[in-house]
Amino acid sequence: MDAMPRIDRASLMTLETYARERPQFRAKVIAHKKHRTVHLGEHLTLVFEDELTILYQVQEMLRIERIFEEEGIKEELAAYNPLVPDGRNLKATMMIEYPDPDERAKRLAELIGIEDRVWIQVEGHERVWAVADEDLERENEQKTSAVHFLRFELDEAMVQALKKGAGLAIGVDHPRYTAAVEAPPAVREALAKDLT
């Protein structure tokens, strides 16, 4: 198995370089994310992360926070590197999206636990349920968060099936929100490339 992909100090642009390169880099990442984004119903979106999407997040955080000192850069890398898939799993950022703040508050209260009810299923295999929010707890008794980080662990048979073109279904099965889709071929192919 290949070593776990890691974004290191050498992968990062300086703030000055990033300011200059940002428009092109951002356009590249937006185009890249098109084949890594899945909508489950009208209000739930999964963006499957990889080295490029997480590198973009790190660069954006460094830019927004004006972090240029070595210690701050190391902290950002330590926070974001766990979100890069390691070749045996898929990792996604899940966003619960309700534009109206009052409706959002109501729905987030109704959707407690939704992050544990998201699944993927390689054709011919069992569902794989998300392991959610390993970095920190993102819900309380009153509501869930609008953003969650999910990990899906695949076994060798699932990895090989996906690499050979097996279909991939993605869904959520919560008492207050249920949706499922077949991943479009471009998404399935992009995710299969994350696996070793």
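Two strands count as paired here if DSSP finds at least two bridges between them. Keep that in mind as we look around this predicted model.

Let's start with the sheet. β6 and strand β7 (residues 147–153) pair in the antiparallel sense, over 2 bridges. Zooming out, 5 strands make up an open sheet, running in the order β1-β2-β3-β7-β6 with antiparallel pairing. β1 (37–40) and β6 (131–132) sit at the edges with a single partner strand each, so one side of each has no neighbour in the sheet.

Next, the nonpolar cores. The largest one has 37 residues, and L46, F48, I120, F152, L154 and I170 have the most contacts inside it. There's also a second, separate core of 18 residues, with I7, L55, Y56 and Y80 among them.

Now for G167, which you'll find in the loop between α5 (156–163) and β8 (168–174). Is G167 buried or exposed? G167 is buried, because its relative accessible area is 12%, and buried means under 20%. G167 and E182 are 15 residues apart in sequence, yet 7.3 Å apart in space, C-alpha to C-alpha.

Note on methods
Residues numbered from 1 in each chain as written. Predicted model: local features only at pLDDT ≥ 70, side-chain atom pairs only at ≥ 80, totals over all residues. Heavy atoms only, no water. Helix = DSSP H or I, 4+ residues; strand = E, 2+ residues; numbered from the N terminus. Buried < 20%, exposed > 50% of the residue type's maximum accessible area, 1.4 Å probe, protein only. Core = buried A, V, L, I, M, F, W, Y, C linked by side-chain atoms within 4.5 Å.
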